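This report describes how two chains are arranged and joined, and then turns to selected local features.

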2 protein chains.
Amino acid sequence: MTAPFGLNEIKEALTRIRGWIHRTPIITSHQLDTLAGRKLFFKTENLQKTGSFKVRGACNAVFLEKEKNPDGPGVVTHSSGNHGQAVAYAAKCAGLACSVVVPEGTPKVKCDAIQHYGAELVFCQPSPAARKETCERIAEETGRAVIHPYDNYNVMAGQGTIALELLEEVPNLDAILVPISGGGMTSGIAVAAHHMQPSCRVYAVEPFGKMLEQSLKSKQRLWPNPPQFLNTIADAIRTQQFVFSVFAVEPEGKELQRCLVSRKRLWSNPPKFLDTVADSIRIQQVGELTFPVLCQFAETQVFSITDDQMVEGMRLAMERTKMVVEAASGAAVYAGVRCLEDVEPKVERVGVILCGGNVDLDQLPWIHPSTSY
Amino acid sequence: MTAPFGLNEIKEALTRIRGWIHRTPIITSHQLDTLAGRKLFFKTENLQKTGSFKVRGACNAVFLEKEKNPDGPGVVTHSSGNHGQAVAYAAKCAGLACSVVVPEGTPKVKCDAIQHYGAELVFCQPSPAARKETCERIAEETGRAVIHPYDNYNVMAGQGTIALELLEEVPNLDAILVPISGGGMTSGIAVAAHHMQPSCRVYAVEPFGKMLEQSLKSKQRLWPNPPQFLNTIADAIRTQQFVFSVFAVEPEGKELQRCLVSRKRLWSNPPKFLDTVADSIRIQQVGELTFPVLCQFAETQVFSITDDQMVEGMRLAMERTKMVVEAASGAAVYAGVRCLEDVEPKVERVGVILCGGNVDLDQLPWIHPSTSY
């Protein structure tokens with residue numbers, strides 16, 4: 001199999017989106033290098049427009065939509081997190097109408113961020129099925145193109161521009177560590193690295209419990225259906241805040257701790273509050289389209305990072321690199337500093353993707369030892 | 001009067017130190033621009049080696065010492081804060097011996113940071129006089145050169161390299177906002193800007209109560225003697241942490257609040273605990289050598305920023321630019337966003353120096369509303 005997009009598509013993506021995104025700096029930290037025993041190069045996508053890398057893929061996909069259909073009805077997506085903001089921003093840049101489907105109960109701060117870019121908010125029932133259905137209904141009724149957060153080759157190619165910039169500036173990397181959710185960023189980076197520097201290995205860094213490694217090794221989707229949400233703080237720390245605040249006003253406070261400790265979903269079904277925050281919680285499975293790309297281009301070895309470890313990585317990044325990063329970035333930092341000891345062949349020069357910085361500064365996870373995470 | 005150093009000395013300084021410091025990125029934030037009503041360009045010295053701009057001046061002064069006296073006895077300074085770390089780092093780079101005088105009771109984390117670079121720690125009584133005396137005694141006994149944190153033209157020229165990089169990358173700035181403590185950074189930047197782009201105004205941003213503006217306008221040192229310490233959280237947030245922890249174990253907790261509210265030192269004399277943290281507290285006066293430079297090259301208008309405002313600026317920087325910054329940087333951010341409305345002639349493009357990022361992440365000032373700051 002060859003990937004349905006290659007280095008050309010990624011280069012074209014960069015040309016397409018360059019004027020609308022930041023070329024983010026690559027920074028280093030002598031202290032973290034000492035701690036890691038190797039050279040780490042941090043690609044600071046936390047400094048990216050809208051606060052995360054998502055804007056790269058969103059811009060590429062939305063701008064292509066605009067090229068295809070300049071006076072078209074616009075775009076639609078479902079996400080109240082980084083992708084929702086990114087698509088809203090991209091649509092604004094392109095001068096396209098945009099609807100973003102978010103579950104009822106989405107915190108006002110997230111709704112504001114999306115509306116700030118002029119997108120229309122559409123509320124739906126807080127279930128994954130309702131979000132997908134609502135999104136598809138809008139697409140059908142209005143003709144708007146659905147911009148999927150990761151199962152979209154134009155989105156993947158857009159995320160691949162991260163590696164283009166990184167490997168241009170730091171050419172001799174042995175490896176790149178990429179936090180993984182749906183797999184769009186890891187796919188794009190893996191394809192770019194494969195073509196630009198075949199010896200550079202691309203590792204996915206997952207929240208503990210994702211079971212990606214087993215699936216990649218067997219080249220089969222081993223995840224149970226329907227897709228589950230992991231109880232991790234990665235990707236959007238606001239989720240954690242929300243959960244905390246929910247439990248702060250309910251007597252079931254300890255329930256969260258019990259679930260986290262056992263790493264099992266002990267809450268009753270159907271989900272209530274957790275479904276409200278589902279969009280910003282990490283889905284266990286990677287996408288249908290990203291999975292084969294990952295099987296071909298990414299390392300089958302995956303680093304599974306626990307919440308404790310993510311928080312340690314997040315804090316190391318903030319203290320030593322002075323970057324405000326979210327927990328998913330912390331996962332990559334932790335992997336870079338602590339997990340490469342036994343990797344063969346040895347990796348000396350490692351790119352680490354700080355994928356986003358959208359974190360609630362009132363709720364930094366190490367500041368609430370009594371509530372735990 | 002002409003300054004005892006000019007653009008040549010600053011350019012030479014950059015050539016001298018370039019291999020040992022970071023060229024820090026300049027970042028922008030559309031959201032902060034909207035809030036400010038003008039374009040802000042943040043020079044991210046919080047990403048600098050050792051976590052602050054101080055390393056520029058320290059490297060320049062220490063490397064010049066090395067050139068003058070390659071096999072000399074080394075350098076000495078007194079500071080347990082950013083300057084102490086910076087001199088220790090510079091001496092290590094130069095292969096010179098280094099002593100850093102710190103007051104007894106300096107937190108271990110600060111001592112570790114200095115010793116990490118191989119410098120010798122010398123403890124002294126916790127009074128400004130004892131520190132100065134100890135430093136001078138060591139200089140006399142060992143022949144080591146004293147590296148003053150700001151009253152040293154080589155240090156000032158080193159700090160001026162910030163403006164060199166900033167104005168090279170962003171040539172048409174109307175103004176630069178510089179947090180001021182002893183005045184070394186403001187002096188260096190003012191001299192560089194004066195020569196590179198005479199129309200660019202350099203404004204000092206001071207903690208409320210510093211009285212710099214009056215002194216600059218009258219061209220006289222109006223400060224009472226002996227020098228006082230301001231009760232502000234600027235420059236090293238660890239100070240605040242220390243003060244808090246002191247008061248947390250003493251029944252005089254409210255005393256701090258009363259002092260802050262009245263902006264007067266109500267504590268009994270001689271100072272005890274406060275003197276222990278004196279090195280990282282902002283001294284009210286600027287230096288003897290920096291003052292005339294400032295009178296000539298900096299704006300007489302000075303922005304006085306209260307603690308509340310600094311904290312707002314600090315938080316804006318962390319949320320919107322994703323940069324971990326200390327309170328002094330927050331002062332400049334606040335000034336950039338809130339204080340330029342009535343400035344004539346209008347400033348549209350403004351450089352903002354994020355001077356450092358050495359902040360205690362356990363003690364972010366907005367997280368402890370009950371203890372106040």
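The model is predicted: local features need pLDDT of at least 70, side-chain atom pairs count only at pLDDT 80 or more, and totals for chains, interfaces and linings use all residues. Residues are numbered from 1 along each chain as its sequence is written, chains are lettered from A and ligands numbered from 1 in the order in which they are written, and side-chain values use heavy atoms, with hydrogens and water left out.

At the interface, 23 residues of chain B are in contact with 23 residues of chain A, where contact means heavy atoms within 4.5 Å. Because 100% of the interface residues of chain B are also interface residues in chain A, the copies meet through the same surface. Together the chains bury about 2000 Å², 61% of it on carbon and sulfur atoms (accessible area lost on being put together, 1.4 Å probe, summed over both parts). On the side of chain B, Lys322(B), Leu361(B) and Ile367(B) lose the most area to chain A, together 30% of what that side buries.

Two salt bridges are counted between the chains, a salt bridge being a side-chain nitrogen of Lys or Arg within 4 Å of a carboxyl oxygen of Asp or Glu. One of them pairs Asp362(A) with Arg315(B) at 2.9 Å, N to O. Helix H14 (residues 307-321) of chain B supplies the largest share of the side that touches chain A, four residues; helices are DSSP runs (H or I) of at least four residues, strands (E) of at least two, numbered from the N terminus.

| Cis peptide bond | Omega | Location of the proline |
|---|---|---|
| Glu344(A) to Pro345(A) | about -10 degrees | loop between helix H15 (327-338) and strand S10 (349-354) of chain A |
| Glu344(B) to Pro345(B) | near -10 degrees | loop between helix H15 (327-338) and strand S10 (349-354) of chain B |

Thr50(A), although not a glycine, has a positive phi of about 65 degrees; this residue lies in the loop between strand S2 (39-44) and helix H3 (54-68) of chain A.

Definitions and conventions
Buried area is the accessible area (1.4 Å probe) that two parts lose on being put together, summed over both.
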